[in-house]
Amino acid sequence: SLLCRFSIIEPTLELGRMESARIARCSYRSLTVVIALSENSKYLDICNEICLRFKELQVGSFDLTYSLPDHPNCLLQSDMDLHMMLMCLTMLKSSFVDILVKDLVSSNNDNGDQKCEESDHTASNHAMSNREVSNRTAPLSCTLESRSAIDENDHFGDSRLDGGNAYLSQYWKEYISHDGQRFEGGVTEFRNKLCKYAAHMRFRIAYVKNEKERVLAECFKKISDGCNWRIYASLCRGNGFFYIRSLNNVHTCTPVVDEQKSKMMSSKVVSSVLVDQIREKPTIKPADIVKDFKQKYGLDISYHSAWHGKELAKSEVHGNESLSYNQLVQYRDALMSTNPGSHCVLECDPTTSRFQRLFICYGACIEGFRWCRPLLFIDATYFKSKYKGQLIGATGRDGNQGFFPFAFAIVDSENEENWRWFFENLAKVLTPQGRTITFVSNHNRGATEDVSNIFPTSHHAFCLNDMKQNLSSKYPANFGKFFRDRIVELFTKCVYAPTEAAFEFNMTNLKDEGGAPMKTFLENFPKENWSYAYFKGNRYGDMCSTVSESFQSWISELYALPICQMVDGIRIKLMGLMSQRSCEAKECCSILCPVMEKTLNEMSIVGRHWNAIRSSASVFEVHAEGSFMVDLDKHFCSCHEWQIKGFPCAHAVVAVLKNSGCIYDYIDDYFKLNYFRSSYAALISPIPDIKDAVHGCSDDIVILPPLIRQPGTKKMKSAGEFSRAVTCSRCGAVGRHNKKTCTANM
């Protein structure tokens with residue numbers, strides 16, 4: 001039944017002369033209307049107002065009930081009932097009352113449907129008799145009913161949350177109600193609603209017949225307790241609907257009030273509940289699903305039912321994962337036709353037709369990257385879909401210090417061949433721009449060799465955070481936290497050392513304290529790739545690949561989707577991001593990007609009490625906490641912050657102001673607003689729906705999913721990262737066993 005709830009509250013403003021005036025807040029489905037009530041209100045006026053505001057309802061097609069303490073279902077059928085209700089509210093000093101509007105039984109049946117079977121005609125006559133009874137004038141007293149028409153047993157269907165609020169499953173009791181009730185979804189909908197009804201009412205059913213065209217079910221306790229509950233439903237061949245032919249909805253079995261766990265909540269039933277939730281949050285964990293069912297529905301379900309139900313819901317919402325790989329063919333064609341200038345490459349194994357890799361770089365990203373710093377952060381991460389795989393991303397940074405998604409690839413596994421293929425495709429879109437790119441990534445052999453071979457004029461920097469973690473792993477926990485932190489601190493000083501002399505000084509201290517493990521570590525990490533003093537490229541102050549990690553985290557919610565839906569989900573997020581930033585850029589009116597303008601203002605405030613003394617036309621000596629030399633023509637400051645970050649430091653700002661110059665003339669164009677606007681001037685276009693791609697692939701190409709990798713497959717280690725040897729404390733041997741598993745004779 002459809003429910004309509006009123007909450008009547010005392011108004012804060014006067015409503016005419018009536019001191020007892022109240023406001024009825026009427027909610028029907030997802031809509032809410034407000035109706036004014038007073039002591040002169042009539043029952044028919046309320047019904048007419050409900051029908052006027054909600055076109056689906058007609059006077060006489062519904063019943064009204066309201067609740068009082070210890071009487072949850074009081075009939076409201078006449079003016080006297082309305083008057084008694086208001087009197088009760090006054091006596092109870094209650095500020096609101098809940099009123100339910102229930103459709104009569106006959107409202108679920110259409111005239112055309114009643115012609116399918118004779119039982120439908122019987123149900124219609126029964127419903128008409130109910131309607132006649134409901135239209136009679138009520139006696140001069142408030143009739144109190146303690147049970148609804150469906151809840152005929154004291155011990156079934158009483159589900160409440162802590163605090164008295166109803167569980168979300170409270171409406172399941174309306175799923176099975178009367179003879180002649182129809183189910184347009186056929187036997188599937190009937191079985192689903194029957195199981196939910198049984199779960200909410202806390203009983204178990206046993207199928208006597210369970211076929212596509214007819215279902216006969218009885219109470220599970222028929223043999224043990226002699227319960228006569230029974231339902232029979234069958235298919236109407238005329239319209240394909242399922243109808244309840246006969247229903248005995250009264251239980252005579254032993255009460256099961258305290259039973260929470262229901263065997264009726266199979267994985268298929270769970271999946272029907274999870275569909276909307278999976279659509280909004282596809283990465284929800286089975287453990288969270290179990291918890292949600294307990295808290296929101298008052299039901300215990302197994303972990304297996306939650307996991308399998310989630311998989312079924314994912315398949316219903318996003319489609320079959322294996323077929324999704326075949327959809328990539330048409331998706332590639334649609335992408336290239338709707339987004340000119342894009343670079344999309346799809347490859348599969350020529351012998352097995354199994355998916356191998358996919359590379360995508362949208363034309364809008366290629367054009368927008370021209371106006372970003374020549375800096376790309378490379379990172380790879382695994383995604384948790386059925387067929388696994390890895391996503392490799394190349395992310396830039398725009399003038400407002402935000403990440404700029406440039407290109408990404410999906411590969412079946414991480415290996416040197418896939419890394420080389422990824423950089424080869426990057427070269428195809430970057431080479432025409434004619435810029436020297438600086439790459440920042442975690443250090444592994446494949447990426448290092450590919451950058452140097454494919455981009456011979458570019459520079460490759462190692463991520464500082466990755467190197468710190470690698471360095472800490474060289475010193476086991478028994479060295480102590482203080483010592484390990486000390487080694488990392490000395491290494492960081494070497495990284496940021498501004499000159500070669502400063503680097504060698506700090507390196508000597510590091511080697512002296514680090515010992516043999518440090519020397520081994522440094523052999524695998526050339527200083528030209530991580531030390532500022534020896535690095536030939538420009539990192540613009542980005543020593544870590546946090547930009548790429550931000551991008552990976554931004555799209556991580558899509559990792560659980562089938563591959564085609566995941567790729568399109570990334571496109572949708574990119575499309576929205578670029579459109580949003582394009583609008584933001586148009587609204588700005590400064591010379592620099594907002595973040596950089598704020599940074600410049602902060603530096604001006606920091607150095608406003610410093611003194612700058614001219615040495616020559618472009619050289620100044622700035623007296624701050626110490627003395628610093630600034631050369632404006634060379635964009636140089638002895639603090640080296642200007643050179644490291646590519647943005648004037650506070651000392652440089654003071655020198656420019658002393659020189660009566662324009663500070664914006666000394667700032668790289670990549671940080672200016674006009675470059676930022678150009679970065680997002682080109683936008684990504686929508687792509688038509690490809691749900692039917694599996695039936696319309698071009699060239700009859702069929703792509704199968706990759707073979708599922710075994711659980712033992714591990715990610716490629718960074719250079720210098722090795723598994724620690726295990727030394728048995730019992731026999732002293734170095735191998736793959738310890739004291740507990742040692743079998744040596746002693």
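## Charged side chains: salt bridges and a positive patch

Glu311, Lys314 and Glu321 are linked in a network of salt bridges. The model is predicted, and its salt bridges come to a count of 21.

**Salt bridges of Arg357**

- Arg357 and Glu347 form a salt bridge through their side chains, at 2.9 Å from N to O.
- This pair links distant parts of the chain, with Glu347 in strand 13 (residues 343-348) and Arg357 in strand 14 (residues 355-361), 10 residues apart.
- Arg357 also meets Glu417 in a salt bridge, with an N to O distance of 3.5 Å.
- Because Arg357 lies in strand 14 and Glu417 in helix 11 (residues 416-430), this second pair ties together parts that are 60 residues apart in sequence.
- Arg357 is buried, at 9% relative accessibility, whereas Glu347 is partly exposed at 26% and Glu417 is partly exposed at 44%.

**A salt bridge between helices**

- Arg486 and Glu513 form a salt bridge in which the closest N and O atoms are 3.2 Å apart.
- Glu513 belongs to helix 15 (residues 500-523) and Arg486 to helix 14 (residues 481-496), so the pair ties together parts that are 27 residues apart in sequence.
- Both partners are partly exposed: Glu513 has a relative accessible area of 33%, and Arg486 has a relative accessibility of 28%.

**Positive surface patch**

- Lys281, Lys285, Lys384 and Lys388 form a positive surface patch.
- Lys388, one of these residues, is located in the loop between strand 15 (375-382) and strand 16 (390-397).
- The relative accessible area of Lys388 is 32%, so this residue counts as partly exposed.

How values were computed
Residues numbered from 1 in each chain as written. Predicted model: local features only at pLDDT ≥ 70, side-chain atom pairs only at ≥ 80, totals over all residues. Heavy atoms only, no water. Patch = residues over 30% accessible without salt bridge, like charges linked within 9 Å, V, L, I, M, F, W, Y side chains within 5 Å. Areas by Shrake-Rupley, 256 points an atom, 1.4 Å probe, with all protein chains shown as cover. Salt bridge = Lys/Arg side-chain N within 4 Å of Asp/Glu carboxyl O. Lys, Arg positive; Asp, Glu negative; His and termini not counted. Charge placed at Lys NZ, Arg CZ, Asp CG, Glu CD. Helix = DSSP H or I, 4+ residues; strand = E, 2+ residues; numbered from the N terminus. Buried < 20%, exposed > 50% of the residue type's maximum accessible area, 1.4 Å probe, protein only.
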